[in-house]
Amino acid sequence: MERDSKFQNVIWIGIPGNSNDSRISAQTILADLKANHEISHVMVEGGPTTARQFLAEKQVDRAILVYAPMNFEIPLPSNLNRESFEEAGLELIRESTVGVDRVEYW
């Protein structure tokens, strides 16, 4: 596979998954990064499915949520709420406004 030159400093890592499920657990990903690549801190960006997976497995030690005042024609509900973060062991430590966005720090 030919890669775009802007990704020349990116290391592509493949992690074997479970053949019975198309998802790889967050714990498996993080364990592989630590054991095989000496990476112990990662920033995960993604949509609600990714967030729910990492939260459910309690693999999140902090979260920053940005709420932008946007309306979508066909919204995708996140199904994330305060309890989702609290059940993962997180605590809301601060809220702020940045421009028109509301930001929560967990």
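Glutamate 38 sits in the loop that lies between helix 1 and helix 2, where helices (H or I, at least four residues) and strands (E, at least two) are DSSP runs numbered from the N terminus. The model is a predicted one, in which local features need pLDDT of at least 70 and side-chain atom pairs count only at pLDDT 80 or more, while totals for chains, interfaces and linings use all residues. Residues are numbered from 1 along each chain as its sequence is written, and side-chain values use heavy atoms, with hydrogens and water left out.

Although glutamate 38 is not a glycine, its phi is positive, at about 55 degrees, and this residue follows helix 1. With a relative accessibility of 77%, glutamate 38 counts as exposed; the cut-offs are under 20% relative accessible area for buried, over 50% for exposed and partly exposed in between, with a 1.4 Å probe and protein chains only. Lysine 58, which is not a glycine either, likewise has a positive phi of about 55 degrees. The loop that holds lysine 58 runs between helix 2 and strand 1, and lysine 58 is exposed at 54% relative accessibility.

Helix 1 covers residues 26–37, and its 12 residues reach 16 Å from the first C-alpha to the last, close to the 16 Å expected at 1.5 Å a residue; the expected span is 1.5 Å times one less than the number of residues. Ala26, Asp32 and Leu33 are the buried residues of this helix. Viewed down the axis of helix 1, these buried residues fall within an arc of 135 degrees, so they line one face of the helix, the arc being that of the directions from the helix axis to the C-beta atoms.

The cover over the buried residues of helix 1 includes helix 2 (48–56). On the face turned away from the buried side, helix 1 carries the exposed residues Gln27, Lys34 and Ala35.

## Serine 84 in helix 3

Helix 3, made of residues 82–87, contains serine 84, which is buried with a relative accessible area of 18%. When its neighbours within four places in sequence are left aside, serine 84 is in contact (heavy atoms within 4.5 Å) with Leu55 and Asn79.

Three strands form an open sheet in the order 1-3-2, with antiparallel pairing; two strands count as paired if DSSP finds at least two bridges between them. Strand 1 (64–67) and strand 2 (94–98) are the edge strands, each pairing on one side only. On average, neighbouring strands of this sheet are turned by 20 degrees against each other, direction ignored.

Strand 1 and strand 3 (residues 101–105) run antiparallel and are joined by four bridges. Valine 66 stands opposite valine 103 of strand 3.

## The chain as a whole

The chain has three helices and three strands, which follow the pattern α-α-β-α-β-β along the sequence. Its radius of gyration is 17 Å, whereas a compact globule of 106 residues would have one near 13 Å; this radius is taken over C-alpha atoms, and the globule rule is 2.2 Å times the number of residues to the power 0.38. The C-alpha trace spans about 40 × 35 × 30 Å along its principal axes.

Of the 106 residues of the chain, 18% count as buried. Among the contacts with a separation of 6 or more, 58% are between residues 24 or more positions apart.

Technical notes. Axes fitted to C-alpha atoms, helices over the stretch in contact; angles between N-to-C directions.
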